[in-house]
Amino acid sequence: MTKVAVIFADGCEEVEGLSVIDVLRRLGVQADMVGLTSKDVIGDHHIKLTCDKIVDDSLLDYDLVAFPGGKTGAENLRDNELLHSLMVQRHQNQQWDAAMCAAPIALARYGVLDDVDYTCYPGFDTQTKHDAPSGNFKEKITVTDSDHKVITSRGPATAWAFAYAIAEALGIDTTDLKQGMLYEYLGSNIQDSL
């Protein structure tokens, strides 16, 4: 069975992490909520989250590990030594990793964005370019670098696109769910609500 871990740190952008969990579970993927240092996490908007487990060596067993953003959450991910070590190992093992919004700053610090096509929340590319000068920043909704097995996205409004990109990178057909969740409808009609 395909397994994905989403890492939740205090100060995370709740909608970004929960959108990935929601979409993947609807698709039948084992999607685990993993707390950075505790099962109980307080998001950036003071939403209390209860995770399934805490970061440990089992992260090496997941098909993909994903990071939601949020400035404080991303900084907590970036500065955690155990997570840093595990993500470097995953990257060396050529396993899929994903980060959105501010969280690519963590991947950049770990060396995971070296020579990688990626995106992030506007303005955080200053940090990513400093820590990963050989990375290739793109202003796209989501960027999937299949060669380096890294998926990135921009911010809260792009969370569903990020979740679908993760599923598709893992070889899962998202066609029916995109229709069922009105994602295709949104794409066709978004201009009407702006």
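Contact here means heavy atoms within 4.5 Å. Keep that cut-off in mind as you move through this predicted model.

**Stop 1: the sheet.** Colour the strands and follow the open sheet of seven, ordered β5-β2-β1-β6-β7-β11-β10 with mixed pairing. Now pick out β5 (53–54) and β10 (142–145): each has a single partner strand and stands at an edge, so one side of each has no neighbour in the sheet.

**Stop 2: inside the sheet.** Select β1 and β6, which pair in the parallel sense over three bridges.

Stop 3: Next, select α1. This helix lies across β1, β2 and β7, and runs at about 155° to β2.

**Stop 4: the largest core.** In soluble globular proteins, nonpolar side chains tend to be buried together. Here the largest nonpolar core has 32 residues, and Phe8, Leu24, Leu64, Ile151 and Ile166 have the most contacts inside it. At least two core residues come from each of β1 (3–8), α1 (14–26), β2 (30–35), β6 (64–67), β7 (96–100) and α6 (159–169). Which of the elements gives the most to this core? Select α6: it gives seven residues, the most.

**Stop 5: Ile151.** Centre the view on Ile151 and leave out residues up to four places away in sequence. What does Ile151 touch? Its contacts are Leu64, Trp96, Asp97, Ala98, Ala99, Val143, Thr144, Phe162, Ala165, Ile166 and Ala169.

**Stop 6: a second core.** Finish by selecting Phe67, Leu107, Ala108 and Tyr118, which are among the 31 residues of a second, separate core.

Technical notes. Residues numbered from 1 in each chain as written. Predicted model: local features only at pLDDT ≥ 70, side-chain atom pairs only at ≥ 80, totals over all residues. Heavy atoms only, no water. Core = buried A, V, L, I, M, F, W, Y, C linked by side-chain atoms within 4.5 Å. Buried < 20%, exposed > 50% of the residue type's maximum accessible area, 1.4 Å probe, protein only. Helix = DSSP H or I, 4+ residues; strand = E, 2+ residues; numbered from the N terminus. Pairing = 2+ DSSP bridges. Axes fitted to C-alpha atoms, helices over the stretch in contact; angles between N-to-C directions.
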